[in-house]
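Good morning, everyone, and thank you for making the time.

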Amino acid sequence: MIWYPYQQMKTMDAPYEVLDAEGVYLQTNAGTLIDSISSWWSVIHGYRHPELTAAIRAQAEKFSHVMLGGLTHEPVRRLADKLAAFLPGDLDYCFFSDSGSVGVEVALKMALQYYVNRGETRRTKVLALTHAYHGDTFKAMEVGDDEDYHFVLKAYGKSPNAIHVPTEIPALERAFAEHHAELNCFIVEPLLQGAGGMRMYDVAFLKRARELCDAYGVLLIFDEVATGFGRTGNRFVADLVLPDIIVLGKALTGGCIGHAATVANRKVYEGFYGDEPEKALMHGPTFMGNAIACAVALKSIVIFERDDYLAKIRRIEAITRRELAGFSDPRIREIRIMGGCVCIEVFDPATLKGYRQFACSRGVFARPFLNYLYAMVPYVIGEAELVRVLDTMKAWFRR
């Protein structure tokens, strides 16, 4: 029996069964549906992209996977080199893993051990944002701030190692003034907080965070698992403000297969480099640097660059703003738009009850959560398809 995610198995609605998929469309037992959320924000090129399929097939005909312990291979070397060239600044040192949550765990472990290696063992705390979500593994949950996902941690009580601040500069400055000697890092989902409610904030906050991290000797980590590869309208938010460590996942492989990269700058890498074996990063997911994942990630980045995906995202944002201009309803708290993301936040979660089935009846797959109705469409979506997604969202309030 399949145990499905984020569901009470006793009361859940039956999932739609996918029979085939191509472009932005899912062929399901409930009909043909536009995937308005890109399979949890990852399938940026749409489904069954011929070049991605060819890359997977070509690598599988050689070998699918070998461990990176004592072995290496060309696809992982090429992907590491490509990311070093593709990412800004000196984010050059790639540690691979098999999911975004594990990539975050690696980043947090790096930050803690960076200071332990320097003899600074008091720096055990992590600063994070209120409403943060960084994954469902335990350290990622600890630095998260969303009880709807992580209420199980109540069994442990409030963590002494995680401090949360709102996206307000005065609160950020107070947190650094009070806790800087104990902090090893500040981790953020930059500009756009995904599972915490598609919350959007200004880049000025990140710029001030970079200044404070520099002033107090704290590492800055960007969790760009969801925001990377254009979702905010930027290639990476790291292009605007440079972190010490960035975590990539989801769209890294075009949504074809699980893979993640935790990429550090030279300062962090050199904190582990030396003759002492105890200073090494003792971490090693079995499927890190998986050859098929690396091959398809390389092709995904080629397509992203070659086909000017940032222009596609600007077009998605422009159409979304045009279609939602002037739209309102008393049940709506706020409408937020950034790059390839739109969110309609309602006051009462009950307002969205039944939307999934309503959207399906209009040929759209959607999965609102709590009081957030949102879309994060594949970047290859056509205007008519995008308008249908947005019209469906508006029609729900006009019934």
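How many helices and strands does the secondary structure of the protein come to? Before I answer, please keep in mind that this is a predicted model. The secondary structure comes to 13 helices and 16 strands.

Let me begin with the overall dimensions. A compact globule of 399 residues would have a radius of gyration near 21 Å, and because the protein has 21 Å, the model agrees with that expectation. Along its principal axes the C-alpha trace spans about 65 × 55 × 45 Å. Buried residues account for 53% of the 399 residues, and the protein exposes about 17600 Å², of which carbon and sulfur atoms supply 53%. If we take the contacts between residues at least 6 apart in sequence, 71% of them join residues at least 24 apart.

Now to the helix pair. Two packed helices are described by the angle between their axes and by the distance between those axes. Here, the axes of helix α3, residues 74–86, and helix α10, residues 291–306, come within 8 Å and cross at roughly 35°, and the crossing is left-handed. On the α3 side the contact involves Pro75, Val76, Arg78, Leu79, Lys82, Leu83 and Phe86, which meet Ala291, Cys294, Ala295, Ala297, Leu298, Ile301, Phe304 and Glu305 in α10. By class, this contact has 12 nonpolar, no polar and 3 charged residues.

Is serine 38 buried or exposed? Serine 38 counts as buried because its relative accessible area is 0%, and the cut-off for that class is under 20%. Leaving aside its neighbours within four places in sequence, serine 38 is in contact with Val43, Tyr47, Arg231, Met376, Val377 and Pro378.

The other residue is methionine 198, which lies in the loop between β8, residues 192–193, and β9, residues 199–200. Methionine 198 is buried as well, with a relative accessible area of 0%. Its contacts, again leaving aside neighbours within four places in sequence, are Trp41, Leu192, Gln193, Arg336, Cys341, Cys343, Phe369, Tyr374 and Met376. As for its position relative to alanine 85, methionine 198 is 113 residues away in sequence and 30 Å away in space, C-alpha to C-alpha.

Definitions and conventions. Residues are numbered from 1 along each chain as its sequence is written. This is a predicted model: local features need pLDDT of at least 70, side-chain atom pairs count only at pLDDT 80 or more; totals for chains, interfaces and linings use all residues. Side-chain values use heavy atoms; hydrogens and water are left out. Axes are lines fitted to C-alpha atoms, for helices over the stretch in contact, and angles run from 0 to 180 degrees between N-to-C directions. Helices (H or I, at least four residues) and strands (E, at least two) are DSSP runs, numbered from the N terminus. A crossing is left-handed if the near helix is turned anticlockwise from the far one by less than a right angle, and right-handed if clockwise. Contact means heavy atoms within 4.5 Å. Ala, Val, Leu, Ile, Met, Phe, Trp, Tyr, Cys and Pro count as nonpolar, Asp, Glu, Lys and Arg as charged, and the others, Gly among them, as polar. The radius of gyration is taken over C-alpha atoms; the globule rule is 2.2 Å times the number of residues to the power 0.38. Buried means under 20% relative accessible area, exposed over 50%, partly exposed in between (1.4 Å probe, protein chains only). Accessible areas come from the Shrake-Rupley method with a 1.4 Å probe; for residues, only the protein chains shown count as cover.
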